[in-house]
2 protein chains.
Amino acid sequence: MSYSESLSRLLASVDASEGCRLVVTSKGRTYTGTMMPHHDFSAPDILVLKLKSGYNVGIRMYQDSAVQVVERPSGKKIGLAANEPKKGLKKLVLIGTGGTIASYVDYRTGAVQPALSTSELVNAMPELREIANIEARVLFSIFSENMNVEHWQKLAEAVSEAINDGADGIIVPHGTDTMGYTAAALSFMLGDVPKPVVLVGAQRSSDRPSSDATGNMMASARFCVDGNRAGVFVIMHDTQSDDSFAVHLGTRVRKMHTSRRDAFHSINAPAAAHIDADGKIEFSGHGREVSDGTAIAKTGMEGRCILLQSYPGMDPDIFTDIMVRSRGVVIAGSGLGHVNENMIPAIKKASDAGTIVVMTSQCLGGATNLNVYNTGRDMLSAGAVSVGDMLPETAYVKLMWALANSGSREEAVRLMKTSLAGETGDRRLA
Amino acid sequence: MSYSESLSRLLASVDASEGCRLVVTSKGRTYTGTMMPHHDFSAPDILVLKLKSGYNVGIRMYQDSAVQVVERPSGKKIGLAANEPKKGLKKLVLIGTGGTIASYVDYRTGAVQPALSTSELVNAMPELREIANIEARVLFSIFSENMNVEHWQKLAEAVSEAINDGADGIIVPHGTDTMGYTAAALSFMLGDVPKPVVLVGAQRSSDRPSSDATGNMMASARFCVDGNRAGVFVIMHDTQSDDSFAVHLGTRVRKMHTSRRDAFHSINAPAAAHIDADGKIEFSGHGREVSDGTAIAKTGMEGRCILLQSYPGMDPDIFTDIMVRSRGVVIAGSGLGHVNENMIPAIKKASDAGTIVVMTSQCLGGATNLNVYNTGRDMLSAGAVSVGDMLPETAYVKLMWALANSGSREEAVRLMKTSLAGETGDRRLA
């Protein structure tokens with residue numbers, strides 16, 4: 001869809017084109033920024049400016065809205081620059097999956113639509129091409145609540161292929177809803193991946209003034225280029241402002257707020273690093289350095305796993321059967337990893353049937369310990385496996401992976417109790 | 001069990017008795033504090049001192065341990081003072097339920113045992129009797145992971161009886177595992193309760209040097225006596241140190257760490273008040289003042305309710321049936337309250353069968369909003385009920401209560417979308 005007739009006329013009257021610096025007044029508000037390309041999906045009366053903050057704003061233009069050109073681009077085309085690889089720059093591959101970061105607001109309905117292609121996303125952030133040669137691919141275009149195990153598997157394959165094809169780093173724009181789960185899945189599937197694999201999202205879509213998309217993407221690219229860290233990470237705003245970004249380990253990260261830009265937190269571990277708005281990286285502790293190794297994707301996953309939370313009134317009659325029928329059960333227990341005593345026979349029945357029953361804590365913070373109270377010791381006797389300070393969601397993803405990548409129940413339990421990708425720092429795994 | 005022969009002899013040799021101020025040296029460590037009564041359950045070689053911090057420490061005494069009396073009580077008996085009501089002091093009723101706060105460490109096994117009676121607990125904290133007339137009752141003596149709906153009902157009855165019997169405030173020592181659930185249950189069952197009802201716990205048992213039991217109990221008593229606030233609250237350490245205590249609203253509080261003393265946080269609301277070590281109370285916003293009304297316990301609860309967390313790979317084949325068979329389902333969805341699209345038919349099937357399916361967010365922070373993305377709108381069409389910034393656990397407890405205390409499904413849904421006890425501050429309940 002192109003601009004409306006009236007908006008086209010207005011822009012033509014001042015000879016405004018992409019890359020021009022404009023002052024736009026609409027409905028009493030004034031915006032200053034660089035004129036961006038008009039996306040096919042945008043409403044015809046929306047003009048998109050990139051603000052000085054790096055954010056794009058979609059401005060609805062009315063009959064009485066005004067546009068003034070204050071600076072013209074000196075030959076340099078913004079937005080749709082040809083994608084010629086520049087010498088000396090590293091190669092980053094963007095593998096798009098969808099999510100708010102690749103979304104726009106449908107101004108007719110107010111709804112957010114998943115429609116930006118990865119190259120549109122890159123074109124909306126021309127600064128990206130200053131720091132790396134970017135190759136963009138679209139793998140999926142879905143909201144992350146619809147990500148499933150098969151998506152994780154395809155994504156791990158695509159990431160490892162891109163790395164083995166010469167990428168110095170991978171950026172995966174991803175919906176925030178299940179980004180933590182995907183990060184955990186990639187962490188186990190990709191094991192000792194030799195390059196940085198960064199999942200990045202946005203809490204506000206790219207065409208909104210308050211969007212965190214550009215900041216998070218730029219920080220991700222900086223980290224891939226300058227960080228010298230291999231592994232799977234999530235990079236998002238560290239605070240509500242735009243001057244600090246946190247690099248979270250893929251197995252330790254959790255979305256802790258439905259809407260704030262600093263929704264993602266590292267739980268039971270410090271963030272792996274922080275990046276400021278100038279791209280300066282500060283690391284917390286050591287990490288694996290990048291290497292020239294080969295990326296191997298071990299994508300086997302046992303689908304017959306479930307994640308439950310224990311609660312007062314939990315009825316064993318309802319849950320025993322589904323636990324027995326599963327190959328793996330992760331329970332987010334109370335406190336140190338407890339269930340109500342009336343659920344202990346269910347744990348025993350499931351364990352006796354070969355199910356691995358893993359205890360984590362719904363507190364999220366801190367570690368499970370089934371040796372302190374009688375309840376815990378009874379649970380251990382019933383067969384429960386305690387995994388310390390591992391997040392429930394990470395334990396669930398890991399259990400699927402451990403069951404598919406081990407030869408026996410015992411080996412899978414052993415894997416659950418060993419830190420494979422930084423998912424637990426707890427030494428008292430009892 | 002009394003002291004061992006050697007320890008009895010040692011204490012007799014220096015004429016040490018309860019209330020004496022002692023300096024005790026054992027295994028190279030020196031402790032100064034007031035000698036406390038020897039509990040029946042303590043090992044015979046354990047001497048309990050109350051330290052200056054208010055904490056009790058159980059010291060294992062050996063052949064070469066030494067005791068020195070540095071001050072004798074001047075006629076004032078500490079610990080087992082007669083329980084004569086003092087004029088001018090308010091009457092607080094302690095209703096014991098068990099938990100770590102009423103526990104001791106079994107030094108033979110290292111395990112924590114639930115055995116302190118409520119009056120033993122009070123006797124271990126003689127300062128309590130300085131600020132109120134304390135009546136202590138034991139209702140249960142269980143760890144809170146074993147609390148069930150019937151316990152909540154009995155507790156609500158006991159609380160309302162005590163208030164109608166003249167109590168100015170109720171303190172409920174409670175295990176921390178499910179204290180948030182019980183607080184929510186009492187909040188709905190007791191409605192406009194005219195006095196303060198404070199649940200209080202400890203992360204370390206009362207006989208350990210690092211116990212938070214005394215501090216939390218004292219803050220609870222102070223709040224009941226001086227706070228002039230009616231309602232159901234949880235009072236626990238606000239920080240890791242012993243100088244600040246947080247008063248959480250019963251519907252907004254969640255245990256967020258398995259072991260830290262400041263494990264309890266108010267989510268999506270500020271703490272109702274803060275109390276410092278001197279008992280000074282600072283309120284955040286307004287609350288209901290105490291009154292002379294009657295306490296009424298509406299304890300009806302619909303047991304056929306379940307709490308689930310959605311996750312990638314969640315299999316509708318496993319969960320549809322149990323959702324249809326329930327009268328109420330609370331799902332902690334991803335992000336703004338989403339499920340995977342393949343779970344939407346399960347929501348529809350359950351809703352069509354009359355089940356109320358309530359969406360909360362596993363993020364915990366922030367509010368659900370099913371109007372932003374297509375997934376959410378499809379869920380609303382399927383019958384999902386979005387409850388804003390209500391905690392999943394609170395929503396589960398409330399749903400049980402709403403179903404039992406309403407005449408129709410519509411009324412129960414209406415109750416879920418109305419703030420009854422501060423459980424949601426969200427005005428966009430769609």
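Student: How many residues does the hairpin use to join β12(B) to β13(B)?

Tutor: This is a predicted model. With a hairpin, look for the link between two strands. Here the hairpin that joins β12(B) to β13(B) runs through 6 residues.

Student: In which sense do β12(B) and β13(B) pair, parallel or antiparallel?

Tutor: Read the sense first, then count the bridges. β12(B) and β13(B), residues 244-249 of chain B, pair in the antiparallel sense. The pairing covers 5 bridges.

Student: Which strand pairs with β12(B) in the parallel sense?

Tutor: That is strand β11, residues 196-200 of chain B. Its pairing with β12(B) also has its count: 5 bridges.

Student: Which residues stand opposite B:Val234, starting with the one that faces it in β12(B)?

Tutor: Pick one residue and follow its partners. B:Leu199 stands opposite B:Val234. In β13(B), the bridge partner of B:Val234 is B:His248.

Student: Why is β12(B) described as largely enclosed?

Tutor: Count its buried residues. A residue is buried if 20 or more other C-beta atoms lie within 10 Å of its own. In strand β12, residues 231-237 of chain B, 7 of the 7 residues are buried, so the rest of the structure largely encloses this strand.

Student: Now chain A. How many helices and strands are there in chain A?

Tutor: Start with the inventory. Chain A has 11 helices and 21 strands. Then check the overall size. The radius of gyration of chain A is 24 Å, close to the 22 Å that the globule rule gives for 430 residues, so chain A is as compact as a globular protein of that length. Its C-alpha trace spans about 80 × 50 × 30 Å along the principal axes.

Student: What share of the residues of chain A count as buried?

Tutor: The share is 54% of the 430 residues. Sequence separation is another thing to read. Of the contacts in chain A with a separation of 6 or more, 72% come from residues 24 or more positions apart.

Student: Over how many bridges do β20 and β21(A) pair?

Tutor: Strand β20, residues 356-361 of chain A, pairs with β21(A) over 2 bridges in the parallel sense. Within this pair, A:Met359 stands opposite A:Ser386 of β21(A).

Notes. Residues are numbered from 1 along each chain as its sequence is written. Chains are lettered from A and ligands numbered from 1 in the order in which they are written. This is a predicted model: local features need pLDDT of at least 70, side-chain atom pairs count only at pLDDT 80 or more; totals for chains, interfaces and linings use all residues. A residue is buried if 20 or more other C-beta atoms lie within 10 Å of its own, exposed if 12 or fewer, and partly exposed in between; C-beta atoms are placed from the backbone. Helices (H or I, at least four residues) and strands (E, at least two) are DSSP runs, numbered from the N terminus. Two strands pair if DSSP finds at least two bridges between them. The radius of gyration is taken over C-alpha atoms; the globule rule is 2.2 Å times the number of residues to the power 0.38. Two residues are in contact if their C-beta atoms, placed from the backbone, lie within 7 Å.
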